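I opened the model to look up a few local features and kept short notes as I went. The entries below are in the order in which I checked them.

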Amino acid sequence: MSMEKPPLATGLARTRSEQLYESVAAAIKSPHGSMDANGIPATAPAAVGGGGTLSRKSSRRLMMGASPGRSGGAGTHIRKSRSAQLKLELEEVSSGAALSRASSASLGLSFSFTGFAMPPEEISDSKPFSDDEMIPEDIEAGKKRPKFQAEPTLPIFLKFKEVTYKVVIKKMTSSVEKEILTGITGSVNPGEVLALMGPSGSGKTTLLSLLAGRISQSSTGGSVTYNDKPYSKFLKSRIGFVTQDDVLFPHLTVKETLTYAARLRLSKTLTREQKEQRALDVIQELGLERCQDTMIGGAFVRGVSGGERKRVSIGNEIIINPSLLLLDEPTSGLDSTTALRTIQMLHDISDAGKTVITTIHQPSSRLFHRFDKLILLGRGSLLYFGKSSEALDYFSSIGCSPLIAMNPAEFLLDLANGNINDISVPSELDDRVQVGNSGRETQTGKPSPAAVHEYLVEAYETRVAEQEKKKLMDPVPLNEEAKAKSLHLKRQWGAGWWEQYCILFCRGLKERRHEYFSWLRVTQVLSTAVILGLLWWQSDIRTSRGLQDQAGLLFFIAVFWGFFPVFTAIFAFPQERAMLNKERAADMYKLSAYFLARTTSDLPLDFILPSLFLLVVYFMTGLRVSPYPFFLSMLTVFLCIIAAQGLGLAIGAVLMDLKKATTLASVTVMTFMLAGGFFVKKVPVFISWIRYLSFNYHTYKLLLKVQYQDLAESINGMRIDSGLTEVVALIVMVFGYRLLAYLSLRQMKIAT
């Protein structure tokens with residue numbers, strides 16, 4: 001079936017507002033031209049009678065280019081010309097139907113189901129003025145804000161044909177293969193906004209992730225091409241992907257979040273000052289100036305609002321000026337005004353030659369008419385692909401029309417769900433389900449959702465699908481220079497390895513300082529230190545009993561600073577897994593730089609609380625008051641902390657599940673404590689090797705050596721020697737556990 005509009009629809013599309021647009025533009029281009037009685041240039045009738053139509057975008061560009069306010073002249077502002085346009089329309093309208101059309105256009109309403117269809121171009125163009133158009137303007141300064149999205153970039157023509165995706169669901173005794181997407185075909189070009197619509201579970205997010213290259217190609221079928229080339233990792237720097245969940249660090253401010261993203265992702269050719277200025281430009285473009293110094297916030301931290309958080313997520317991606325921008329439900333949880341501004345921002349990005357694809361759950365009628373193309377999914381199948389303005393005409397042509405006035409998006413979602421309440425039933429579908437009374441609901445007597453879905457899929461396949469597949473055979477309209485660029489893309493890092501490490505180190509310090517110095521943790525450590533000091537107050541080591549008591553204190557210190565870091569570190573990688581996946585998929589940094597920065601940025605924070613702990617305990621309990629034993633005791637505790645932290649990082653990285661990691665860590669720490677040499681003096685030979693894996697054992701022996709090396713050769717059955725073996729063992733644990741954690745992260749499945 002051809003999706004072209006009939007001549008009547010074309011005539012209707014030649015709205016009064018478009019004629020006035022062309023007239024004003026012609027008048028500005030030819031200021032000395034002749035005017036008729038109505039104030040319309042003499043050249044206007046020829047243009048109007050030509051039969052062609054201007055799209056919403058082209059008419060908007062024409063007016064922007066012709067507006068004296070935008071070109072620097074002293075002419076009338078575009079806002080005034082639109083108000084004058086509305087006034088002319090209202091004065092010249094005479095019939096009741098025309099008056100209804102003009103009034104509905106001024107209100108942005110659509111009477112598509114009450115007698116005649118109004119083209120969406122008329123709805124969008126006939127508004128007297130739009131608040132969104134005033135956003136880029138600095139009213140007081142009288143000049144335009146810089147729009148970095150307008151910078152030239154490589155255009156990407158995205159095509160996908162017969163795309164399929166299957167997953168294997170494992171059960172207790174068997175596995176079942178489930179098909180998520182079935183034969184999805186479509187395309188989107190630079191300058192267009194493609195919306196993916198469908199009910200929950202229809203495959204919108206899966207299709208978006210597949211188009212972004214975030215799903216392994218081994219489980220997919222069909223073809224997806226970018227400028228007629230398959231996906232490669234070199235395209236990562238050209239693609240921006242905004243996830244449905246806002247994956248952000250809660251303790252960083254808006255400005256810090258975007259600044260770190262700019263320093264990591266923008267080209268090496270830019271200086272640090274230029275990258276930071278780009279972050280400020282993004283803040284200005286997204287209207288985040290008022291909250292730029294506010295923390296992002298999270299579940300337990302108060303921060304910015306949901307709409308501001310969503311704009312920060314979008315800013316993280318548009319900061320690189322991507323050629324292809326994909327967004328997963330960017331308007332979810334936003335009010336209608338904020339959602340409208342978000343979609344308007346996406347249009348501004350696409351107008352600069354970018355390709356934009358977004359999933360949308362249930363848009364308002366105003367949002368729906370702002371999309372250029374639409375894909376409607378139902379149960380993983382394609383129900384419609386084409387211009388959003390022609391979707392209602394298509395479904396009317398197959399017998400599905402609303403019986404009452406409703407939001408077009410609600411109408412399409414009802415069809416995708418198989419719900420045909422308040423929707424006309426096609427005679428072909430009614431005849432089909434009457435045969436044997438199959439596919440009919442017993443209560444309402446209407447076709448079942450499964451029958452409706454089957455009919456819609458079959459109708460699209462027979463009427464439209466083949467034409468769309470033929471269109472995909474057309475070559476990409478790129479010039480030779482653009483083709484050369486697309487063929488010679490190289491994987492680019494925004495910063496060198498050392499610069500990545502320094503940026504991630506500073507980011508880690510700023511993010512985790514709030515957690516490390518929370519009043520709860522400080523109170524826990526200091527209260528424990530005071531209790532120990534009171535229990536072992538000025539203990540006397542001149543007696544055998546006093547010596548054994550003080551040895552128990554040293555063992556507790558070894559256990560406490562072995563237990564505490566483990567259960568802090570096991571949360572590191574599981575909690576940051578979503579962020580790591582997101583940033584590595586975008587090629588923000590190398591894994592080695594992230595891992596080293598993540599593990600070393602904790603060290604300065606890990607040394608502060610133990611130092612306070614030892615200052616309280618050491619002098620309250622009467623340990624050797626001398627600089628040499630004091631600093632050696634502190635170094636021994638620090639070495640134990642780093643080794644224990646490595647074990648926690650390794651457990652968290654290997655399992656990547658907090659419940660499993662906590663269980664394994666509890667068993668491991670308890671085993672190391674029991675084998676630490678204090679509770680059991682004589683361990684059976686076949687299990688004695690465990691103590692050499694215990695950092696508690698080596699730390700305890702070192703602390704005994706530091707305190708009593710001149711007093712006794714053995715204490716509590718623990719022989720005091722040079723301590724070199726224990727130091728080497730702890731150093732091996734420090735690097736061995738971290739190496740295991742790094743290798744586990746390398747094996748973690750991350751979309752490439």
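Entry 1, strand E10. I looked up both faces of E10 in this predicted model. Thr355, Ile357 and Thr359 lie on one side and are buried.

Entry 2, neighbours of E10. Which strands pair with E10? I found E5, residues 193-197, which pairs with E10 in the parallel sense over four bridges. Leu196 has Thr359 in E10 as its bridge partner. I also found E9, residues 324-328, which runs parallel to E10 and is joined to it by five bridges. In that pairing I see Leu326 opposite Ile357. I then followed the chain from E9 to E10 and passed through helix H14, residues 336-351. This β-α-β crossover is right-handed.

I noted Asn321, which is not a glycine but has a positive phi of about 55 degrees. I placed Asn321 in the loop between helix H13 (306-318) and E9. Is Asn321 buried or exposed? Asn321 has a relative accessible area of 10%, so I list it as buried. I noted Glu162 too, with a positive phi of about 50 degrees, and Glu162 is not a glycine either. Glu162 sits in strand E3, residues 158-170. Its relative accessible area is 33%, so I list Glu162 as partly exposed.

How do H21 and H26 pack? I read an angle of about 40 degrees for H21 (residues 497-516) and H26 (residues 591-600), with the axes 8 Å apart. The crossing of H21 past H26 is right-handed. From H21, I listed Trp497, Gln500, Tyr501, Leu504, Phe505 and Arg512 at the contact. From H26, I listed Ser592, Ala593, Tyr594, Leu596, Ala597, Arg598 and Thr600. I sorted the residues of this contact into eight nonpolar, three polar and two charged.

Definitions and conventions: Residues numbered from 1 in each chain as written. Predicted model: local features only at pLDDT ≥ 70, side-chain atom pairs only at ≥ 80, totals over all residues. Heavy atoms only, no water. Axes fitted to C-alpha atoms, helices over the stretch in contact; angles between N-to-C directions. Left-handed = near helix turned anticlockwise from the far one by under 90°. Contact = heavy atoms within 4.5 Å. Nonpolar A, V, L, I, M, F, W, Y, C, P; charged D, E, K, R; others polar. Buried < 20%, exposed > 50% of the residue type's maximum accessible area, 1.4 Å probe, protein only. Pairing = 2+ DSSP bridges. Right-handed = clockwise from strand over helix to strand, strands pointing away.
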